[in-house]
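Visitor: I am new to reading protein structures. Could you walk me through how the labels are decided?

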Amino acid sequence: MRRSFLVVAAIAPLLGGCFFFGGPAPPELDRACLADLDKHAISYESIVLPEAHDPQCTVDTAVRVERLEARLRHPATMSCAMASRFDRFEREAVEPLARRDLGRSVAQIEHFGAYACRANTSKRGVLSEHAYGRAFDIAGFRFSDGTTANVARDWRRPGPVRDFLHDVARNACRYFSVVLTPDSNRDHYNHLHLDIGRDRVCSAGV
């Protein structure tokens with residue numbers, strides 16, 4: 001995928017200014033983070049989010065990601081910092097665990113999204129880390145042979161797929177400040193919540 005911000009950057013001198021996909025480049029643009037995404041060949045585009053109903057819902061250096069090491073089932077909007085962290089987690093933990101536990105590679109990541117302007121369901125009056133693009137909800141994985149690991153179906157079903165999902169969750173605690181699983185509460189029965197916010201919670205049976 002050709003990244004729109006690179007194309008625009010190439011013609012910016014002709015236009016007499018710096019432009020950005022969706023509008024002018026925001027002041028909080030983290031160019032070092034974007035350079036890290038480029039270094040690892042992540043397929044993404046830099047975006048400016050539309051004005052949200054709640055002006056507190058802001059994402060630093062927002063990117064819409066289509067592919068990390070593996071393709072996302074559908075594009076996800078998140079902060080560049082979250083994209084970079086998840087990419088590292090995928091390369092260093094998820095992919096090696098898939099090969100070790102299942103003898104397969106990860107072809108696609110199933111997810112319920114990242115950015116969402118909404119409140120934290122467990123803290124009244126507090127926005128979710130999703131509202132800042134700092135959280136990502138993983139529903140499962142599709143492998144190179146067409147088989148899948150689904151959190152809702154496989155988290156408690158004995159076997160190597162369950163072991164893989166639990167290994168992924170345990171390793172996630174090394175990369176993310178909060179890891180919530182089906183063992184955390186009923187809200188997470190079908191996904192792993194990973195975020196890089198200020199709280200520290202590892203609900204992965206480490």
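Guide: Gladly! Let's start with a term: a salt bridge is a side-chain nitrogen of Lys or Arg within 4 Å of a carboxyl oxygen of Asp or Glu. Please keep in mind that this is a predicted model.

Visitor: What makes arginine 64 and glutamate 45 a salt bridge?

Guide: Their side chains meet with N and O 2.7 Å apart. The cut-off is 4 Å, so the pair qualifies. A search of the whole structure finds 15 salt bridges.

Visitor: Which parts does the pair of arginine 64 and glutamate 45 tie together?

Guide: Arginine 64 belongs to strand β4 (residues 62–67) and glutamate 45 to strand β3 (residues 43–46), so parts that are 19 residues apart in sequence are tied together.

Visitor: Why is glutamate 45 called buried?

Guide: Its relative accessibility is 14%, and buried means under 20%. Arginine 64, at 29%, falls between the limits of 20% and 50%, so arginine 64 is called partly exposed.

Visitor: What makes arginine 73 exposed?

Guide: Exposed means over 50%, and arginine 73 has a relative accessible area of 58%. Glutamate 110, at 12%, counts as buried.

Visitor: Let's turn to rings. How many aromatic pairs are there?

Guide: The structure holds 7 aromatic pairs. In one of them, phenylalanine 86 and phenylalanine 89 have ring centres 5.8 Å apart and planes at 70°.

Visitor: What about phenylalanine 86 and phenylalanine 136?

Guide: Their ring centres are 5.0 Å apart with planes at 80°, so this pair is edge-to-face. Phenylalanine 86 lies in helix α3 and phenylalanine 136 in strand β7 (residues 135–143), so the pair joins parts 50 residues apart in sequence. Phe86, Phe89 and Phe136 belong to one aromatic cluster that includes Tyr175 and Phe176.

Key: Residues are numbered from 1 along each chain as its sequence is written. Side-chain values use heavy atoms; hydrogens and water are left out. Rings of Phe, Tyr and Trp (its six-membered ring) pair if their centres lie within 6.5 Å; planes under 30 degrees apart count as stacked, over 60 as edge-to-face and the rest as tilted. Helices (H or I, at least four residues) and strands (E, at least two) are DSSP runs, numbered from the N terminus. Buried means under 20% relative accessible area, exposed over 50%, partly exposed in between (1.4 Å probe, protein chains only).
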